[in-house]
Amino acid sequence: MLTSSPQQLIMVSGKGGVGKTTLSCGFARQLARQHPDETVLLLSTDPAHSLGDVLLVAVDNTPTPLPDIPNLQVRALDAAMLLEQFRTDYGTVLELLVERGSFVEGDDLSPVWDMGWPGLDELMALLEIQRILRDREVDRVVVDMAPSGHTLSLFALMDFLDTLLAALGQFQQKHRTLTETLAGRYTPDEADAFITDMRHDLEQGRSLIQDRERAACWVVGIPEPMSLAESDRFITALDHLGIPLGGLVINRVMQENDQTFGAHRRMLAKFAAIAQGQPVLWVPAQPSEPVGAIALDRIMLQVKPLVDLAAPEGELATDASSKHQWLTPISPGIEDLVTAGRRLIIVGGKGGVGKTTVSAALGWGLAQRHPEASLRVMSIDPAHSLGDAFGQPLGHEPTRLLPNLQAQEVSAEVVLDQFRADYLWELAEMMAGDGDIASGIQLAYGPDAWRQVVAQALPGIDEMLSLITVMDLLERNEHQLIVLDTAPTGHLLRFLEMPTALGDWLGWIFKLWIKYKDVVGRVEFMGRLRSLRQRVLAAQAKLKDPQHTEFIGVVQNQSAILAEAKRLNQTLSDRGIAQRYIVHNRYQLGLDLPAELFPHQCVVRLAALPPAPLPFDQVKQAAPLLLTPPPPSLG
C-alpha cells in the first residue's frame with residue numbers, strides 16, 4: 001500500500017523511538033525496487049540521524065547509491081555544510097538587504113554566519129528539500145523526519161520564511177523609495193531578484209507539501225498509550241498546517257500467542273479512530289533488531305492493513321497483560337540525588353528509549369523519599385508527553401502532583417511572549433534605527449519589518465527559551481532539584497549548545513552597539529542584555545559543574561540506539577558535562593550491554609515494565625527500581 005502511493009514526497013514522522021528510521025529505510029528500498037526506472041532519494045533531516053546504523057552503510061551529506069539498489073540514493077543532511085553553501089550563494093545579498101533595513105554596515109554582519117544558529121537544522125533541511133524537488137534531481141524523496149515536535153517546527157518554518165521575506169521586501173522597499181526620491185529613478189538589482197526567486201520557491205514548496213496528490217506525511221506509532229496520545233496531537237497539528245496525512249503505521253504489534261496481544265489489538269482500534277479515514281497499517285514485533293538489507297526487506301513483507309487484525313466481537317476488555325506484576329530492583333541503582341546535592345538532572349537519549357518515564361519516575365521517587373524537599377519535573381520537548389506519563393494534562397504553569405512535587409511542560413509560546421516583552425521588541429527597534437532622513441521620509445519600513453520578524457516564533461527558539469526558563473527557576477532557588485525531560489538527542493545537543501550560541505549572539509550585539517552607540521543610544525537596554533549574557537555564562541558553568549548538574553542517559557539494547565548513545569556520550573565528555581549513569585531500559589536477564597561500550601558509566605538496569613492500565617502506574621513502578629534503596633533507618 002505504501003509503495004503504490006503516487007506521491008513525489010513521502011515524509012515519515014512520529015514519536016521518537018517508534019521505528020521511523022527502520023520503516024523509512026525499508027519503505028525506500030521497496031519503493032526503489034518497484035520503480036526501477038525512477039531515482040529515489042532517502043533523506044534524513046534529524047540532526048542525530050541513524051540511517052547508517054540501520055542500513056549498515058556509511059551515510060553523509062553526499063547522496064550515495066546503495067550497492068544492491070543503485071537507483072536508491074541515501075543522504076543525511078549536514079546543516080553546517082548546507083549553511084556554508086547557502087552563505088556562498090546568498091550571503092552577500094542577504095547582508096546587503098539587512099544593511100538596507102538597519103543601522104548596520106554589511107561587513108558587520110559577516111560574523112553571524114560563524115555563530116551557532118538556532119533552528120539551523122530545520123531551516124537548511126526545508127530549503128534543501130525544496131531545492132532537490134525544484135531542480136528535479138530525483139523522481140521521489142522519502143524523508144526520515146526528526147521526531148514529531150521538531151517535524152512540526154520544520155513545517156512551521158514556511159510561515160516564518162513568509163514573514164522574513166516580507167521583512168526583507170520592506171528593507172528593499174525603503175531602499176527603493178530613498179533611491180527614487182534622491183535620484184529620481186530606480187533600477188532593480190540583485191536584492192530584488194533574490195526576494196522574487198525566494199518567494200517563488202517558497203510558494204512552490206508550500207504548494208507541493210500541501211498537495212495530497214504529490215506529498216503525504218505517514219505517522220509511525222507503537223501500540224502504547226503515550227504513542228497514541230502524541231500521534232493524536234501530531235495528526236491534529238498536521239491538519240491545522242494543511243499537510244496531508246498519508247496514513248498510520250503501527251509498529252511492534254504482538255502476535256496472538258503473546259499475552260499482550262489483546263491489549264495491542266484494542267490499541268490498534270484507537271489508532272484507527274484518529275486516522276481521519278486514511279489507511280492504518282501494522283507491523284508485527286520482530287524477534288531481533290531489523291538492521292541491514294535482508295532484515296529491512298523482510299520486515300516490509302510483513303506490513304499488513306489493519307483489517308487483517310480485526311478483533312472478534314464480544315472480546316473482553318481485560319487480559320493477562322493488565323495484571324500488575326511488581327518487579328525487584330537490580331543493583332546497582334542511582335544514588336539519592338537530593339542527598340548528593342544535585343540541583344539539575346538532565347535525562348536524555350534517542351527518541352523512544354523511555355526518557356519521559358525515567359524522568360517522571362526519578363522525580364516521583366525522590367519526592368516521596370524527601371517530603372521536606374521541593375522538586376519539579378519539567379519537559380522541554382516540543383512534543384511533550386510528560387503529562388501522558390503522569391496521566392493528567394500539564395501546561396506551562398506547574399501542576400502539583402504531591403505536596404513537594406510539581407510537573408510542568410514548558411510552553412515556548414508563553415516564554416517567547418515574555419522574552420519579546422523583555423528584550424526582542426526593543427532589540428527590533430534598535431536594529432532598525434530611529435529618526436528621519438531625506439526630506440522627511442521616515443525609516444518606518446525598518447522598524448515595522450523588524451517587529452514582524454520578532455513577532456514570529458523564531459526557528460530554534462524552543463531550546464533558547466527552555467534554557468532561560470531553567471535558568472530562572474534555578475536562580476529563584478525555589479526547588480532543591482529540577483529533573484528535565486528533554487527532546488531526542490539531536491535537539492538535546494542543541495539545548496546544551498545554547499549557552500555558547502546565545503552568549504556569542506549577545507557578544508556580537510555588544511560589539512555592534514559599541515560601534516554605533518552614538519546612533520542608537522539605549523544604554524539601559526544594553527545593560528539588561530549584558531546582565532542576560534552574564535546569566536547565560538553562569539548557566540554554562542553550572543551545566544559543567546558535576547556537583548550541580550548530572551546527565552543521565554537512557555538506552556535500550558539495540559545497535560542503532562547504542563551507536564547514537566556512544567556518540568552522545570563522547571560529545572558530553574568533550575563539553576565537560578558529567579554523566580555517571582546510563583539507564584538500560586527494558587533490560588532482559590542475561591542481555592547486558594557490552595562492557596566496553598560505556599566503561600566510565602554505571603549501568604542501571606531497568607527491566608521491561610509489565611503493561612499497566614495507565615502509564616502513571618508504570619512511573620510509580622519504575623521509581624523504586626531506578627533508585628538505590630534507602631538505608632534501613634530511612635526505609
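# Exercises with Worked Solutions

Arg136 is found in the loop between helix 4 (120-134) and strand 5. The model in which this residue is examined is a predicted one.

**Task.** State what is noted about the phi angle of Arg136, and decide whether Arg136 is buried or exposed.

**Solution.** 
- Step one: the phi of Arg136 is near 55 degrees, a positive value in a residue that is not glycine.
- Step two: exposed residues have a relative accessible area over 50%. Arg136 has a relative accessibility of 70% and therefore counts as exposed.
- Leu56 is not a glycine, yet its phi is positive, about 60 degrees.
- Step four: with a relative accessible area of 56%, Leu56 is exposed.

## Confidence in the model

**Task.** Identify which element has the lowest mean pLDDT and which the highest, and find where pLDDT stays under 50.

**Solution.** 
- Step one: the protein averages a pLDDT of 85, and 91% of the residues score at least 70.
- Step two: among the elements, strand 15 (residues 441-442) has the lowest mean pLDDT, 40, while strand 12 (residues 399-402) has the highest, 97.
- Step three: over residues 435-445 the pLDDT is below 50, and the model gives this stretch 17 contacts beyond near neighbours in sequence.
- Step four: pLDDT also stays under 50 over residues 310-324, which have 26 contacts beyond four places in sequence.
- Step five: where pLDDT is low, predicted coordinates should not be read in detail.

**Task.** Decide whether Arg140 is buried or exposed, and name the side chain with which the side chain of Arg140 makes a polar contact. Then list what Val141 touches beyond its neighbours in sequence.

**Solution.** 
- Step one: Arg140 is located in strand 5 (residues 140-144).
- Step two: buried residues have under 20% relative accessible area. The value for Arg140 is 9%, so Arg140 counts as buried.
- Step three: the side chain of Arg140 makes a polar contact of 2.7 Å with the side chain of Glu38.
- Step four: once neighbours within four places in sequence are set aside, Val141 contacts Gln8, Leu9, Ile10, Leu41, Leu43, Ile132 and Leu133.

## The nonpolar cores

**Task.** State how many residues form the largest nonpolar core and which of them touch the most other members.

**Solution.** 
- Step one: the largest nonpolar core has 122 residues. Those touching the most other members are Leu9, Met11, Val141, Leu248, Ile346, Met430 and Leu484.
- Step two: helix 15 supplies the largest share of this core, 15 residues.
- Step three: another core, of 49 residues, lies apart from it; Ala367, Val555, Leu562 and Phe598 are among its members.

**Task.** Give the order of the strands in the open sheet, and name the edge strands.

**Solution.** 
- Step one: the open sheet has 9 strands in the order 3-4-2-5-1-6-7-8-9, and its pairing is mixed.
- Step two: strand 3 and strand 9 are the edge strands, since each pairs on one side only.
- Step three: strand 3 is joined to strand 4 (residues 72-76) by 2 bridges, and these two strands run antiparallel.
- Step four: Pro65 has Gln73, in strand 4, as its bridge partner.

## Helix 18

**Solution.** 
- Among the buried residues are Phe616, Val619 and Leu625.
- Step four: the buried residues of helix 18 pack against helix 7 (225-241), helix 10 (355-369), helix 11 (386-390), strand 18 (581-587) and strand 19 (602-607).

## A buried loop residue

**Task.** Decide whether His384 is buried or exposed, and list which residues His384 touches.

**Solution.** 
- Step one: His384 is placed in the loop between strand 11 (375-379) and helix 11.
- Step two: its relative accessible area is 15%, so His384 is buried.
- Step three: not counting residues up to four places away in sequence, His384 touches Arg233, Ser379, Glu409 and Val410.

Definitions and conventions. Residues are numbered from 1 along each chain as its sequence is written. This is a predicted model: local features need pLDDT of at least 70, side-chain atom pairs count only at pLDDT 80 or more; totals for chains, interfaces and linings use all residues. Side-chain values use heavy atoms; hydrogens and water are left out. pLDDT is the predictor's confidence in each residue, from 0 to 100. Helices (H or I, at least four residues) and strands (E, at least two) are DSSP runs, numbered from the N terminus. Contact means heavy atoms within 4.5 Å. Buried means under 20% relative accessible area, exposed over 50%, partly exposed in between (1.4 Å probe, protein chains only). A nonpolar core is a set of buried Ala, Val, Leu, Ile, Met, Phe, Trp, Tyr and Cys residues joined through side-chain atoms within 4.5 Å. A polar contact is a pair of N or O atoms within 3.5 Å; within protein, one must be able to donate a hydrogen and the other to accept it, and residues adjacent in sequence count only if both atoms are side-chain atoms. Two strands pair if DSSP finds at least two bridges between them.
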